[in-house]
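I opened my notebook to write down what I looked up, one entry at a time. Here is the structure I was looking at.

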Amino acid sequence: MPAFIFKLILCLIPGFALALNISHNQTGQAIIIPYYTVKNNLNTYVTLTNTTDKIKAVKLSFQDGYLGLDLMNINAYLAPHETYVFGMAPIESTISGHEGEDSVAIYQTGNICTPFISHTQEFNAIQLESQLPDDLTGYDYPLSSGTEGMIHIIEMGTLEVDSGYGHYIMDKDCHIIENLWAEGEFWDNDPTDQLQAPTGGLRATTSIIDVTNGFQFAVDNIAIDNFYAENADILHTPPGEVSAPTLADAQKTYQGFTYDSGVHSLGALLAKTAIYGDFIKSTGVNSVIEWVVTLPLNRFMELSNYDCLRNSLITIYEQNGEKTVIPFGSIGLPPPGPNPQDLCSTINVISTAPNSNTILSSSHLESNSLALEYIYPNLNDSINGYINMDIYNLINENQLIGSTDSATRVTHGAPVIGFSITKMQNNNAQPGLLATYATSQSLFYQSDSTITAIED
């Protein structure tokens with residue numbers, strides 16, 4: 001059946017018209033990049049492509065790995081079929097009050113219009129400090145918190161190529177676009193002027209590169225289609241704006257059920273009751289496996305009574321079916337710092353070797369890593385199998401519940417995304433030959449929900 005006919009049929013089924021979903025062709029109105037890093041001498045490389053015939057106004061938000069706070073927000077205006085390319089590398093901050101702290105520089109290539117952003121741009125400490133919760137006001141929250149984190153990319157609207165503002169973008173007159181945001185100017189008065197609703201078609205790829213050791217691996221991005229409801233309002237906000245659009249602006253309807261907020265509908269879309277990944281142990285190649293498990297909606301949840309993903313159960317299954325259970329720890333323990341009992345890490349890393357031969361050298365290694373590190377040497381020296389991690393339900397106030405006129409749906413588990421990395425070293429490599437290799441894989445998962453009819 002042709003794809004366009006299939007989509008037309010879906011649109012005619014109640015509850016499926018323009019439904020919020022994870023895109024199978026890797027394009028959408030919103031993209032979540034679950035991890036970037038510049039730690040351990042790693043660089044992150046991102047490409048963002050507009051695959052459509054219209055100009056796209058896009059918001060990129062770079063968020064730290066502890067609290068999910070915005071460290072940089074960029075408006076990018078992409079011409080049809082244009083690709084925005086940037087790299088992220090470690091620097092020492094030159095920002096007043098944060099001089100010398102580990103930080104991040106974004107290096108842009110090409111001449112994409114990104115108003116008020118230079119081709120080499122440091123993360124913004126002032127923006128970070130302005131978002132700290134009241135109980136953290138005055139706390140010296142370091143810029144180094146942003147040396148690893150996640151990126152949200154959300155389409156704000158479209159412009160026709162032959163529109164007045166479209167000509168400026170096509171001609172790369174970015175200074176004129178900047179002037180449109182000046183006080184009293186057109187977009188300052190009406191950010192929707194000449195814009196049309198988002199249509200999707202954004203695609204991103206992400207790689208993490210170790211230049212020193214000569215390897216790289218891909219990050220498993222999540223593209224979300226129909227992020228907005230049909231005929232949604234245009235969320236075109238000034239460069240640097242952090243209030244909108246965010247992931248909380250997702251439409252409230254998912255699979256025909258209406259949720260209290262976009263956070264809950266998107267949470268239901270991303271919820272998992274278990275995640276799985278390949279497991280290899282080979283002492284001959286010094287194999288190391290690290291999982292990146294991201295909680296993309298943490299900043300929007302009521303965290304004060306939210307027990308994160310504590311007591312998530314890890315089980316290692318060997319090729320012959322034998323299993324080893326690691327029953328304690330958490331993939332969401334509070335990070336070090338102020339008021340830790342109320343907070344959870346946005347980025348969580350689980351490693352078979354957190355203190356030796358680590359891949360990411362992450363600041364977010366969780367307690368299961370310590371247990372795994374303890375058990376790892378006692379496992380057989382040659383294993384091909386997989387790891388299973390059970391994800392337990394959110395507590396009641398964060399439960400993901402949708403409703404229709406006739407039924408309610410309770411989604412079990414919690415919204416998590418991520419990927420696994422495997423690094424190996426060829427101990428027998430001859431001098432001058434590449435001896436270190438790395439690859440990444442998507443985590444696969446299980447999801448579950450309960451639908452209950454509403455009695456008349």
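**Entry: the disulfide**

A note to myself before anything else: this is a predicted model. I started with the cysteines. Cysteine 113 is buried, and cysteine 174 is buried as well. The two form a disulfide, with their sulfur atoms 2.3 Å apart. I looked up where they sit: cysteine 113 is in the loop between β7 (102-109) and β8 (120-122), while cysteine 174 belongs to helix α4 (residues 174-180). That puts them 61 residues apart, so I'd call this a link between distant parts of the chain. The torsion about the S-S bond is about 75°, so this disulfide is right-handed. The count for the model comes to 1 disulfide.

**Entry: salt bridges**

How many salt bridges did I find by the rule? The count is 4, and I wrote up three of them, as follows.

- Lysine 54 and glutamate 160 meet through their side chains at 3.3 Å, N to O. Lysine 54 is in the loop between β3 and β4 (55-64), and glutamate 160 is in the loop between β9 (148-159) and α3 (164-170), 106 residues apart. Lysine 54 is partly exposed at 24% relative accessibility, and glutamate 160 is partly exposed at 28%.
- Glutamate 155 pairs with lysine 56, and their closest N and O atoms are 2.8 Å apart. Here the partners sit in strands: glutamate 155 in β9 and lysine 56 in β4, 99 residues apart. Both of these residues are buried.
- Glutamate 82 and lysine 172 meet at 2.5 Å, N to O. Glutamate 82 is in the loop between β5 and β6 and lysine 172 is in the loop between α3 and α4, so this pair ties together parts 90 residues apart in sequence. Is glutamate 82 buried or partly exposed? Its relative accessibility is 14%, so I put it down as buried. Lysine 172 has a relative accessible area of 26%, so I put that one down as partly exposed.

**Entry: glutamine 29**

I found glutamine 29 in the loop between β1 (21-22) and β2 (30-37). Its relative accessibility is 7%, and buried means under 20%, so glutamine 29 counts as buried. Leaving aside neighbours within four places in sequence, I noted its contacts, among them Ile153, Glu155, Pro198, Leu202, Phe227 and Tyr228.

Then I looked for exceptions.

Asparagine 40 has a positive phi, near 55°. This asparagine is in the loop between β2 and β3 (42-50), and it is partly exposed at 33%.

Histidine 81 also has a positive phi, near 60°. I found histidine 81 in the loop between β5 (70-78) and β6 (83-92), partly exposed at 48% relative accessibility.

The peptide bond from alanine 244 to proline 245 is cis, with omega near -10°. Proline 245 is in the loop between β12 (222-225) and β13 (253-254).

**Entry: a sheet**

Which strands make up the open sheet, and in what order? I read off 4 strands, β20-β17-β25-β26, with antiparallel pairing. The edge strands, β20 (347-351) and β26 (436-442), each pair on one side only. From one strand to the next, the twist averages 20°.

I then zoomed in on β17 (residues 288-294) and β20, which run antiparallel and are joined by 5 bridges. In one of these, valine 293 has asparagine 348 in β20 as its bridge partner.

Notes. Residues numbered from 1 in each chain as written. Predicted model: local features only at pLDDT ≥ 70, side-chain atom pairs only at ≥ 80, totals over all residues. Heavy atoms only, no water. Helix = DSSP H or I, 4+ residues; strand = E, 2+ residues; numbered from the N terminus. Buried < 20%, exposed > 50% of the residue type's maximum accessible area, 1.4 Å probe, protein only. Contact = heavy atoms within 4.5 Å. Disulfide = S-S within 2.5 Å. Pairing = 2+ DSSP bridges. Axes fitted to C-alpha atoms, helices over the stretch in contact; angles between N-to-C directions.
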